[in-house]
Amino acid sequence: MSPGLLLSCACLACGAFFLAVAALGLVRFPDALSRLQGVSKATALGVGCWMLGLLLRASSVFTGLKLLFVWGLVLVWLGYLGQLVGRLALIAARRR
């Protein structure tokens, strides 16, 4: 096994670990805002590790650029959805 393949597998395993931690945080944290914080941070790190692992296996530069574009979209949408869910939780808390 080549060192690049081992590093790629390690990055993919690390990403899977962080995504599992995000799923566990979604279940374990008590309120919406703490769930949101835990899930968004761990998801961003998990997807980043996955993209790094896949970049090491990319067959061409164009494939690598597409992976970086998808990672950028994930980061932007995580921030946007975090703001949206946070605002909705604040509105729901004010109605109580």
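Me: Is T43 buried or exposed, and what is its relative accessible area?

Reply: The general idea is a set of cut-offs on relative accessible area: under 20% is buried, over 50% is exposed, and in between is partly exposed, with a 1.4 Å probe and protein chains only. In this predicted model, where local features need pLDDT of at least 70, side-chain atom pairs count only at pLDDT 80 or more, and totals for chains, interfaces and linings use all residues, T43 has a relative accessible area of 17% and therefore counts as buried. Residues are numbered from 1 along each chain as its sequence is written, and side-chain values use heavy atoms, with hydrogens and water left out.

Me: Where is T43 found, and which residues is T43 in contact with?

Reply: Helices are DSSP runs of H or I with at least four residues, and strands are runs of E with at least two, numbered from the N terminus; T43 is found in helix α2, residues 32-56. Contact means heavy atoms within 4.5 Å, and, leaving aside neighbours within four places in sequence, T43 is in contact with L19, A22 and L78.

Me: Which other residues of α2 are buried, and what do the buried residues pack against?

Reply: An α-helix has 3.6 residues a turn, so residues three or four places apart point the same way. In α2, the buried residues include L36, G38, A42, G46, V47 and M51, and the buried residues of this helix pack against α1 (3-28) and α3.

Me: How many helices and strands does the chain have, and how spread out is the chain?

Reply: The chain has three helices and zero strands, in the order α-α-α from the N terminus on. The radius of gyration, taken over C-alpha atoms, is compared with a globule rule of 2.2 Å times the number of residues to the power 0.38; here the value is 16 Å, well over the 12 Å that the rule gives for 96 residues, so the chain is more spread out than a compact globule. Along its principal axes, the C-alpha trace spans about 60 × 25 × 10 Å, and 21% of the 96 residues count as buried.

Me: What span should the 25 residues of α2 have, and how far apart are its end C-alpha atoms?

Reply: The expected span is 1.5 Å times one less than the number of residues; for α2 this should be 36 Å, and the end C-alpha atoms are 36 Å apart, which agrees.
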